[in-house]
Amino acid sequence: MAETTLAGATALDGSALDGAVALRPVTAADLDRFEAEFAGPHGPGPYQWFGHTPTARPRQLHAERGLLGGDENMLSVTVGDTLAGRVEWFRRSWGRVDTSACWEIGIGLFTSARGRGTGTRAQRLLVEYLFEHTRVERIQVCTDADNIAEQRAAEKAGFELEGRIRRAQWRAGAWHDQLIYSILRAP
């Protein structure tokens, strides 16, 4: 995959970002950095910390197919030449997979990349990439009902709120409501 970029980015406060936001294939070194950055509760933040989890699956999928071309996929997010995090997409289904599949996307940014518009731009780039390179009609995002930053990023990236999924996610010793957003392929 060629690098996908969005130049001329600005932070939420209106200042210029230090470079264009881009997506590129994940490297083994990126996986090392993801493990280091997201290893404890402070790295992924309060809405993405689910306790210590195995790291073997991403490495296995990277060795098999570069984390591309399957039901679980990942690209690295960069700002300029600096690794800033990752975007992921997973196949979901609202019926039979062969007729009702969509992508669900997720994002994990390093603490230093948050609050600067990087997440909005990365999600927009991923949507463009998926609509250009897959036949999917629908892309969705689920986020915690209290995660205002991701809600704003999803809306700025073009997603529309569809509703609340009650007590859908177990995290930090309690059940949490999720909000579901979607974007549809332009007719």
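**Cores, a buried arginine and an aromatic cluster**

The side chains of Arg138 and Gln140 make a polar contact at 3.0 Å (a pair of N or O atoms within 3.5 Å; within protein, one must be able to donate a hydrogen and the other to accept it, and residues adjacent in sequence count only if both atoms are side-chain atoms). This is a predicted model, in which local features need pLDDT of at least 70 and side-chain atom pairs count only at pLDDT 80 or more, while totals for chains, interfaces and linings use all residues. Residues are numbered from 1 along each chain as its sequence is written, and side-chain values use heavy atoms, with hydrogens and water left out.

**Arg138**
- Arg138 is part of strand E6; helices (H or I, at least four residues) and strands (E, at least two) are DSSP runs, numbered from the N terminus.
- With 15% relative accessibility, Arg138 counts as buried (under 20% relative accessible area; exposed is over 50%, partly exposed in between; 1.4 Å probe, protein chains only).
- Not counting residues up to four places away in sequence, Arg138 touches residues including Trp94, Phe131, Glu162 and Ile180; contact means heavy atoms within 4.5 Å.

**Nonpolar cores**
- The largest nonpolar core has 30 residues, and Leu126, Ile139 and Phe159 have the most contacts inside it (a core is a set of buried Ala, Val, Leu, Ile, Met, Phe, Trp, Tyr and Cys residues joined through side-chain atoms within 4.5 Å).
- Elements giving two or more residues to this core include strand E3 (72-79), strand E4 (82-93), helix H4 (118-133) and strand E8 (174-184).
- H4 gives the most to this core, with 7 residues.
- Leu126 touches Leu23, Leu75, Val87, Glu88, Trp89 and Ile105, leaving aside residues up to four places away in sequence.
- Another core, of 9 residues, lies apart from it; among its members are Val26, Phe34, Leu61 and Phe110.

**Aromatic pairs**
- The structure holds 5 aromatic pairs (ring centres of Phe, Tyr and Trp, its six-membered ring, within 6.5 Å; planes under 30 degrees apart count as stacked, over 60 as edge-to-face and the rest as tilted).
- Phe34 and Phe38 form a stacked pair, 6.3 Å centre to centre with 25 degrees between the planes.
- The ring centres of Phe34 and Phe110 are 6.1 Å apart and their planes lie at 55 degrees, so this pair is tilted.
- Phe34 is in helix H1 (residues 28-37) and Phe110 in the loop between E5 and H4, so their pair ties together parts 76 residues apart in sequence.
- Phe34, Phe38 and Phe110 form one aromatic cluster; Phe34 is buried at 2% relative accessibility, Phe38 at 13% and Phe110 at 1%.
- Arg86 lies over the face of Phe34, at 5.2 Å from the ring centre (NZ of Lys or CZ of Arg within 6 Å of the ring centre and within 35 degrees of the ring normal).
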